[in-house]
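Here is a short briefing on one protein model. Look over the sequence and structure first, then read the points below.

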Amino acid sequence: MKLIESIFREYDIRGTYPEEINEDIISIIGQAIALKCKEEGVTEISVGRDGRLSGEVLLDSMCNSIANSGISVANIGLVTSPILYYAAKKNASKSGIMITGSHNPKDDNGIKMVINDKPVSGTEILSLAKYISDSNETKKEIIKTDIIEDYINDVLEKISLNYPENLKVVVDCGNGAAGCVAPELFKRLGCNVINLFSEIDGNFPNHHPDPGKLENLQDLIKIVKKEKADLGLAFDGDGDRVGLVTEKGNVVFPDKIMMLLAKDVLARNGDGQIIFDVKCSNYLAEIIIANGGKPIMSPTGHFHIKNKLRETNALLAGEMSGHIFFNDNWYGFDDGHYAGVRLIDLINRSDSSIDDMVSKLPKSFSTPELNIYASDDVKFDVVKKFAEECSLDGNKITIDGLRIEFSNGWGLLRASNTTPKLVLRFEGNSEDDLKKIQENFINEFKRICPEIDPTMH
Ligand SMILES: [Zn+2]
């Protein structure tokens, strides 16, 4: 069996089933992960999967491969990624493997993993795959475990609401794995819950489970307005990202969600560090400083954010993609449904609605994430060339592509790690500033990289 190297990515492993990732390939990957476990002195590992159609067979193959390689397995079944991370935090070895395609097309599947409490990159697993040999280990046992109830009880122990029945919440699981936990979690929190698409269905018959795209939030917006709900929450396919809709039906970008949560977390703790990725608004850093905290900018990607969290022990971290990690009153992994609980808790303790809270944040003018097509072979070189040759005058941050901060806003160009595209975002203090910053940036891009079609999607 030959491994296709391109499925082993910087942050994780991902490919199309059955061509690029299938039972046999998962079995080899399982042996490589078992090697990593042995290196780290890990003797047991939790394994789970999301609701994709290929999930069950891949889960079985992974569990068998790991157990045959001499590592004990806790098979936690169909769960979200946060619940797998929770299971890993709770087992003695702090290790877990999630079989998930996240928000990617329905035929994709892949692996996110944490070994000895540290994220592991796909490329490291590929390098270990070269050393696997026929196992002469004694087969270890595979124990089926249900962890969802423990997770819900843990959240309820940490967060309790006053008169939660007065809070009306619409929850859209998009037929993804969040359906296994979110409806029950928000009901037991005591809220008045309206569930949308909570039946887990790997065909995703209603809309794709990716709250980062506005088209996938249209059903939620409609029902929040119709039901006069206080808020709407949406989750991606494996429940590690959250989308937020206000009672008026406005979508709150994740960097604004982070502004609300940063204020709350800093008020609870007095001071502390807060991490965010290069795609977030300048105002987020300003708000963190104004509330006594220390802002830390990180490259995009849960792998980098998780490592930064370990390094700094920050209170909170978040990405523009909607991954939010609480170290305050939680365990420091990205958890969409727990972030939803904290947003509900925030509204519950406040006299204001989410719309009022958002309207009090600094008014900024920003684009959503914009994309320019660039193939995987050239995208990193294009960004490197742009960063080296860019003559725009400002404070240049090069931790992930090039972000230039001007006196009236900022612009960003970076390469996506997961898809063949360049990622751009712009923000200005006024509509006019935004337009000028974007125009100057794009003109500079056209000058330096004339071979790339600058059409933005
Ligand atoms: Zn996800």
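Which residue takes a positive phi in the hairpin of E5 and E6? Asparagine 116 does, with a phi near 55 degrees. The model is predicted.

**Strand E5**
- E5 spans residues 108–115, and eight of its eight residues are buried, so the strand is largely enclosed by the rest of the structure.
- Asp108, Gly110, Lys112 and Val114 point one way from E5.
- Asn109, Ile111, Met113 and Ile115 point the other way.

**Pairing**
- E1 (residues 13–16) runs antiparallel to E5, and four bridges join them. Threonine 16 sits opposite aspartate 108.
- E4 (residues 96–99) is also joined to E5 by four bridges, again antiparallel. Here methionine 98 has lysine 112 as its bridge partner.
- E6 (residues 118–119) is antiparallel to E5, with two bridges. Isoleucine 115 stands opposite lysine 118.
- The hairpin of E5 and E6 has two residues between the strands.

**Zinc site**
- Ser102 (OG), Asp236 (OD), Asp238 (OD) and Asp240 (OD) coordinate the zinc ion at 2.0 to 2.4 Å.
- The four donor atoms subtend angles of 92 to 167 degrees, which makes the arrangement irregular. A tetrahedral label would need all angles between 85 and 135 degrees.
- The donor spacing in sequence is S-x133-D-x1-D-x1-D.
- Serine 102 lies in the loop between E4 and E5, and aspartate 236 in the loop between E10 (231–235) and E11 (242–246), so the pair ties together parts 134 residues apart in sequence.
- Serine 102 and aspartate 236 are both buried.

How values were computed
Residues numbered from 1 in each chain as written. Predicted model: local features only at pLDDT ≥ 70, side-chain atom pairs only at ≥ 80, totals over all residues. Heavy atoms only, no water. Buried < 20%, exposed > 50% of the residue type's maximum accessible area, 1.4 Å probe, protein only. Pairing = 2+ DSSP bridges. Donors = N, O, S within 2.8 Å, 3.2 Å for Na, K, Ca; no water. Tetrahedral: all angles 85-135°; square planar, octahedral: opposite > 155°, others 65-115°.
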